[in-house]
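Subject: Model for you to look over

Hello,

Here is the structure I promised. Please open it alongside this note; my findings follow below.

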Amino acid sequence: MLKISKGLHLRDMGAKTNETSLWREIWLSLRKNKPALLGLVVIIVLVFVAIFAPLIVPCEEAIGFYPKEILRPPGAQHIMGTDDLGRDIFARVIWGSRVSVEVGILAVAFGLVIGLFMGALAGYKEGLADTLIMRAADIFFAFPYILGAIAVMTVLGPGLENVIIAIGVLEWAYIARLFRSSVFSVKVNDYVEAARAIGAGDGRILLKHIFPNAMAPVIVYSAMSVGTAIITEAALSFLGIGMQPPSPSWGLMLADSRAFMSSAPWMMCFPGLAILITVLSFVLVADALRDSLDPKLKGAV
Amino acid sequence: MFRYIAKRLLQVVPVVIGVTLIIFLLMFILPGDPARMLVQKGASPEVLQVIREKYGLNQPWYVQYGKYMWNLLHGDFGTSIRFKRPVLDIIKDYYPNSIRLALVALIIEAVAGIASGIISAVKRHSFLDVLVTISTTILVAMPVFWFAMLLQVSFGLKWDILPISGMGDGSWRYYVLPAIALASVNTAFTARIMRSSMLEVIDCNYIWVARAKGLSERKIILKHALKNALIPVITILGLDLGTLIGSAILTETVFSWPGIGRVIYLAILQRDVPVVMGCTLILVFIFILLNLIVDVSYTYLDPRIRLGDRRAV
Amino acid sequence: MLLGVNNLKTYFYIECGVVKAVDGVSFSLDRGETLAIVGESGSGKSVTALSLLNLISTPPGKILEGEVLLEGENILEFSEKSLQTIRGNKIAMIFQDPTTSLNPVFTIGNQVTETILTHQNISKKEAREKTVKLLKMVGIPNARGRLYDYPHQFSGGMRQRVMIAMALSCEPDILIADEPTTALDVTTQAQILELISGLQKELNSAIILITHDFGIVAGLADRVLVMYAGKAVEYADVDAIYYRPCHPYTLGLMKSVTRLDEPRREKLQSIKGSPPSLIDVPPGCSFHPRCEFAIDVCRKKIPKLIEIEPGHFSACHRVGKGGLEVI
């Protein structure tokens with residue numbers, strides 16, 4: 001009745017429903033959403049920059065020591081200035097993208113592999129497997145995220161691989177919980193029953209019927225958590241237990257810049273902006289995905 | 001009501017056992033010998049041995065764990081290996097700082113988040129809505145430590161109107177910047193959730209009924225819509241207080257705030273098991289307590305929800 | 001004349017086009033009279049009702065033209081503030097779904113009292129006493145005791161009674177009842193309808209009853225307006241509609257109802273097809289794709305609402321002075 005005032009039902013009446021695949025739907029919604037499209041472009045540029053960093057600026061400029069070039073403000077020679085060791089900030093920001101992209105993508109991929117497997121197992125099998133997996137996940141929710149990451153990093157020690165593992169180890173629990181409830185709601189559908197009735201095995205049902213239909217919330221979450229992972233890496237490096245000097249991590253650069261906040265503010269400006277723009281791109285894409293795939297999650301996650 | 005609360009509090013026991021066990025095991029698999037951290041480099045094995053015996057570090061983990069739990073039962077949180085002080089004293093010294101900062105941050109979060117969420121939902125698609133949407137999206141993507149540094153540079157160094165480090169004499173001026181930094185991301189999330197919750201509610205039939213009753217738009221929003229829209233937001237706020245206390249470590253680092261996050265962080269790095277244990281346990285208690293408060297406050301906000309005991313409410 | 005509606009047009013502008021939810025509807029109403037607006041869902045009945053209160057959310061909706069004259073004054077030109085003094089006071093409304101129409105987090109006493117306090121200058125205590133009286137009047141047992149109960153503690157029928165109490169709290173001149181019984185079971189339906197017509201006699205209000213069910217029209221209505229795809233297709237006294245229906249659509253609706261005065265009929269019929277999308281209304285007479293009497297002119301020309309006998313209007317090309325030609 002009153003729904004008419006929203007125009008929603010009317011649109012349903014007018015529009016023809018045609019079958020669209022998940023990825024097509026995602027593309028269609030991204031295409032209409034300008035901020036998300038911009039985010040996508042930034043992400044693609046970022047990945048290219050990370051891959052072709054050596055072609056843009058030589059590595060030495062990012063990690064060497066140039067006593068004559070110390071703390072130069074941004075100018076013609078160093079467009080973003082230099083830091084306290086005379087290293088070119090622009091070079092470090094470019095090379096730093098490698099760290100962020102690697103951590104962001106690999107850590108979430110790692111979390112996805114474990115999380116999807118565990119979530120599917122818990123949601124599909126229920127019973128003991130469900131209880132065990134979910135209680136194990138509960139442990140990860142009991143601690144604040146950053147303290148958990150710190151604890152895992154102290155066990156593993158610093159370094160790129162360990163940052164990836166630490167974030168992945170924390171992420172799996174969130175992904176598993178999300179995927180589990182999604183599997184729960186999908187598997188009661190008639191088409192799953194129908195597949196079972198014609199004799200499809202568990203593996204086939206999971207891969208052909210449940211996975212594609214239960215993925216939506218996980219896709220949204222993953223886009224968001226690539227951003228979270230990049231911030232977490234920066235935070236760990238900032239605290240001194242993530243990437244180690246002279247690695248050009250954006251978080252490390254911010255830690256270095258603290259001593260020069262008033263004398264060389266460009267040292268903190270550019271790496272911070274780099275993190276902000278990168279994470280913002282992922283947030284924009286995640287927002288657009290959520291709006292199109294999972295309207296119920298609006299505002300949440 | 002009291003039976004319900006008692007039942008909920010009893011559920012703390014297994015959680016405490018689980019949490020302590022995990023921390024204990026985690027600290028045992030950590031590389032590094034706590035005894036070695038207490039002495040200077042090159043100390044003789046005899047000295048190390050004495051220290052291990054003094055702190056019971058040479059016993060198997062389950063004996064140490066049993067002893068720890070026995071003492072905990074008697075209200076003894078043990079002694080810090082690093083600071084050689086009772087852990088309870090450390091807790092008393094640092095937790096109030098963290099809780100006070102978190103409360104100020106929570107007030108900022110609640111007021112700014114709820115207000116901007118309401119405005120942006122009610123004035124949908126307006127300039128203000130766009131402004132709120134853009135700024136919350138940026139804040140969500142902002143690394144909190146960078147935001148904290150920007151606050152320091154602008155308010156502290158450039159305009160020199162607020163202190164940027166430590167607690168000083170404990171006046172409110174020292175709280176402003178750390179609390180804003182700490183609240184930033186949460187405020188953005190609260191505003192977004194408030195907005196979508198409000199948007200959902202103002203499309204409900206009872207809002208149209210209220211309009212048809214001839215109520216003013218102001219009363220409809222502030223009475224009929226707000227109380228319904230607040231229900232999901234209250235959960236977030238309640239649980240956020242725990243996060244604000246426990247994950248303030250980055251803000252504490254930037255502002256040299258003597259809070260518990262930094263204490264736990266240093267204790268982890270220095271393998272100071274009793275401190276990690278004690279402080280984390282308090283944190284877990286706070287989390288559980290907040291959960292309980294949120295659940296009880298629900299029954300006041302949403303009459304459809306009843307606690308375990310019906311008669312009591 | 002208490003209420004006069006002239007050429008009301010309410011359109012919604014949405015992504016995929018313009019929805020002409022109400023497209024030039026006119027009718028009038030006197031004190032003590034009951035008008036039934038009948039049609040399938042999506043025919044624009046509810047939007048008509050909301051337009052009378054100027055309760056169309058803009059955007060996407062807009063009352064494009066027409067007037068709603070309440071005692072001679074066009075309320076569509078009123079300021080929001082003066083509209084608020086009319087809503088719930090002079091024109092009150094009962095909504096379709098009692099389960100979602102009451103605010104779940106306030107007591108029913110609060111919600112009824114609130115209406116009274118908004119429009120009348122009396123003390124809280126007096127308002128509460130009046131609420132108890134109203135709740136008794138609509139037949140809620142132990143009214144005083146239930147003042148502090150929440151909506152979820154009431155059954156659907158009881159909630160609709162609360163809604164009626166709320167709507168009648170300021171003795172409105174006009175009561176709009178939008179499918180007041182659709183969400184209720186049959187026994188409760190009868191009770192609620194009886195309650196509404198009983199209270200109407202007591203208060204001498206005018207009632208606009210919106211329904212898709214011709215079965216409940218006969219006992220209650222004085223006049224009937226049949227709507228299809230946003231347009232009025234037939235408008236007449238209730239007897240004329242029942243005994244001399246002059247539009248194929250009205251005829252179709254009547255055939256889909258069991259009638260007591262025709263004890264034997266092979267089977268209940270329903271109209272073929274479904275109402276058109278309001279974005280993509282068929283050209284000519286919008287009913288022609290479903291009409292068994294449709295001829296060429298029906299596909300090309302929009303029929304005008306013409307008076308075929310005094311007070312009996314119909315919009316159909318196949319209708320002459322003597323009624324529907326084909327029958």
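Start with chain C. Its eight strands in the order E6-E7-E8-E3-E9-E10-E12-E11 form an open sheet with mixed pairing. Strands here are DSSP runs of E with at least two residues, helices are runs of H or I with at least four, and both are numbered from the N terminus. Strands count as paired if DSSP finds at least two bridges between them. E6 and strand E11 (306–309) of chain C stand at the edges with a single partner strand each, so one side of each has no neighbour in the sheet. On average, neighbouring strands are turned by 20° against each other, direction ignored.

Some ground rules. This is a predicted model, in which local features need pLDDT of at least 70 and side-chain atom pairs count only at pLDDT 80 or more, while totals for chains, interfaces and linings use all residues. Residues are numbered from 1 along each chain as its sequence is written, and chains are lettered from A and ligands numbered from 1 in the order in which they are written.

E6(C) runs parallel to strand E7 (residues 174–178) of chain C, joined by four bridges. Ile91(C) sits opposite Ile174(C) in E7(C). Buried means 20 or more other C-beta atoms within 10 Å of the residue's own; exposed means 12 or fewer, partly exposed is in between, and C-beta atoms are placed from the backbone. Helix H6 (residues 156–168) of chain C lies across E6 and E7 of chain C, at about 175° to E6(C). Axes are lines fitted to C-alpha atoms, for helices over the stretch in contact, and angles run from 0 to 180 degrees between N-to-C directions.

Further along the sheet, strand E10 (residues 231–237) and strand E12 (residues 312–314) of chain C are antiparallel, with two bridges. Tyr235(C) faces Phe313(C) in E12(C).

Chain A has 14 helices and zero strands. Its C-alpha trace spans about 75 × 50 × 35 Å along the principal axes. Of its 301 residues, 45% count as buried. Trp23(A), in helix H2 (residues 22–32) of chain A, is exposed, with 10 other C-beta atoms within 10 Å.

One helix pair in chain A deserves a look. Helix H10 (residues 190–197) and helix H11 (residues 202–214) of chain A pack at about 155°, axes 10 Å apart. H10(A) and H11(A) are therefore roughly antiparallel, a label for angles over 145 degrees. Tyr191(A), Val192(A), Ala195(A) and Arg196(A) in H10(A) meet Ile205(A), His209(A) and Ile210(A) in H11(A). Those residues divide into five nonpolar, one polar and one charged. Nonpolar covers Ala, Val, Leu, Ile, Met, Phe, Trp, Tyr, Cys and Pro; charged covers Asp, Glu, Lys and Arg; the others, Gly among them, are polar.

Last, the interface between chains A and B. Here 36 residues of chain B are in contact with 34 residues of chain A. Contact means C-beta atoms, placed from the backbone, within 7 Å. H8(B) gives the largest share of chain B's side, six residues. That side divides into 24 nonpolar, nine polar and three charged residues.

Best wishes

Technical notes:
Contact = placed C-beta atoms within 7 Å. Parallel < 35°, antiparallel > 145°, perpendicular 65-115°, else oblique.
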